[in-house]
Amino acid sequence: MAEGAGESADGRSGRPTGVLAGHVAYHGYDLRGGAPGVHRGLPSPYLTLIVTFGEPLTMRAPDGTLVRRDVAIGGLHTTPESIVHDGRQSGLHVVLDPLAARALLGRPAAELAGVTVDGDAVLGGVARELHERVEEAEGWAGRFAAIDDVLHRALDDGARPVAPEVRAAWRRVVRSGGTVPVRALADEVGWSERHLGQRFRAEVGVAPKVAGRMARFDRARRRLAARAAAGAPLGLADIAADGGYADQAHLTREFGVLAGCSPTRWIAEEIGNIQDPVMPGEAG
C-alpha cells in the first residue's frame, strides 16, 4: 500500500508515489462561481482518468446526448471533448502514460482510442472505490493520498510488458514535443517505418505521426495557457516557431482542427476553466 501521494506548493498537483511516479500525474480542480458553459477537453498524448467529487461530470456524447459520470476514462483522441457545466466542476484529473494502461486499466491504450467511457466499464469496482474514497477524503492532500492508494492496489504486476521499441519511440515523441520525424524514430529503434507504425498503433491507438501531432499541440497549448495565466503577451509566432510549426498560421489551423477554435478564442473562453496538470515524469 502506498504511503500517500505528496502535494505541490499550490495544493492542486499531487506527486504519485512508488511505481506510479513517472507514469501518472495528479491534478485537482474545484472551479465554481463562473457562468454555465462548455469546457473543451483537448487532445494530448496521454490518457485521462477523471474522478469527480460533488457533482458528476456531464459530457456531450457523439450523438449529442448528455452523459453524467462519476468516473470517466478517455483514450487518445484528435477532437475536443465537450464537458457541460453549470459553473462548477470538481474532481481529480489523472494524466496517464499510455504505456502504463495495461498495468492500470487491464488493456492496451489502443482499446480506448477515440472514446471516453464510464469508469465502471473499464475498472469495475475499482472505479467505484476511487469515487467513494475521493468523495470521503478531506482536502487535496487527502484526495491525492486516496487515489494513490487505490491505484497502487489496482496495479497488475503480471500485465504483459510493452515492447521496448514501442516504449522508446513513444517517449522520444513526447520528450521531443512531437518534432522527431517517423523515419528517425524507426531508425532509432531498429524497425522499419511500417512495422513501427503497426506496433505503435496497436499499443497506443494512434500512429507515431499522429502521436507527434498531439505532443506538439499539447506543448504549444500549455505554453499558451501559461502565458495567458501570467498576463503576458501570447506570442503566438514565437510559440509556433519553438514548437515545430511552419508559422503562426499553421499553429492556428491546428487549433482549429484539434480544439475547434482559434488560440485566442480558446484563451478567451477557457482561461477560467483551464486545468493544466503536470505531465507524468514532471512532478518531483
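Helices (H or I, at least four residues) and strands (E, at least two) are DSSP runs, numbered from the N terminus. This is a predicted model, in which local features need pLDDT of at least 70 and side-chain atom pairs count only at pLDDT 80 or more, while totals for chains, interfaces and linings use all residues. Residues are numbered from 1 along each chain as its sequence is written, and side-chain values use heavy atoms, with hydrogens and water left out.

**Figure 1. Overview of the chain.** The chain holds eleven helices and eleven strands. Its radius of gyration, taken over C-alpha atoms, is 18 Å, close to the 19 Å from the globule rule (2.2 Å times the number of residues to the power 0.38) for 284 residues, so the chain is as compact as a globular protein of that length. The C-alpha trace spans about 50 × 45 × 40 Å along its principal axes. Of the 284 residues, 50% count as buried; buried means under 20% relative accessible area, exposed over 50% and partly exposed in between, with a 1.4 Å probe and protein chains only. Among contacts (heavy atoms within 4.5 Å) with a separation of 6 or more, 72% are between residues 24 or more positions apart.

**Figure 2. Tyr 46 and Trp 170.** A search of the whole structure finds six aromatic pairs. Rings of Phe, Tyr and Trp (its six-membered ring) pair if their centres lie within 6.5 Å; planes under 30 degrees apart count as stacked, over 60 as edge-to-face and the rest as tilted. The ring centres of Tyr 46 and Trp 170 are 5.6 Å apart and the planes stand at 85°, so this pair is edge-to-face. Tyr 46 lies in the loop between strand 4 (37–41) and strand 5 (47–52), and Trp 170 in helix 5 (residues 164–175), so the pair ties together parts that are 124 residues apart in sequence. Tyr 46 is buried, at a relative accessible area of 7%, and Trp 170 is buried at 2%.

**Figure 3. Phe 255 and Trp 266.** This aromatic pair is tilted, with 5.9 Å centre to centre and 50° between the planes. Phe 255 belongs to helix 10 (residues 248–258) and Trp 266 to helix 11 (residues 263–270), so the pair ties together parts that are eleven residues apart in sequence. Both Phe 255 and Trp 266 are buried.

**Figure 4. An aromatic cluster.** Tyr 26, Phe 53, Trp 140 and Phe 144 form one aromatic cluster.

**Figure 5. Surroundings of Leu 123.** Leu 123 is part of helix 2 (residues 119–123) and is buried, with 13% relative accessibility. Apart from neighbours within four places in sequence, Leu 123 is in contact with Ile 73, Leu 104, Leu 105 and Leu 130. The C-alpha atoms of Leu 123 and Ala 202 are separated by 21 Å, and these residues are 79 residues apart along the chain.

Figure 6. Val 95 sits in strand 10 (residues 89–96) and counts as buried at 4% relative accessibility.

**Figure 7. Lys 209 and Pro 181.** Lys 209 is placed in helix 8 (residues 208–229). With 68% relative accessibility, Lys 209 counts as exposed. Lys 209 and Pro 181 are 28 residues apart along the chain, and their C-alpha atoms are separated by 7.7 Å.
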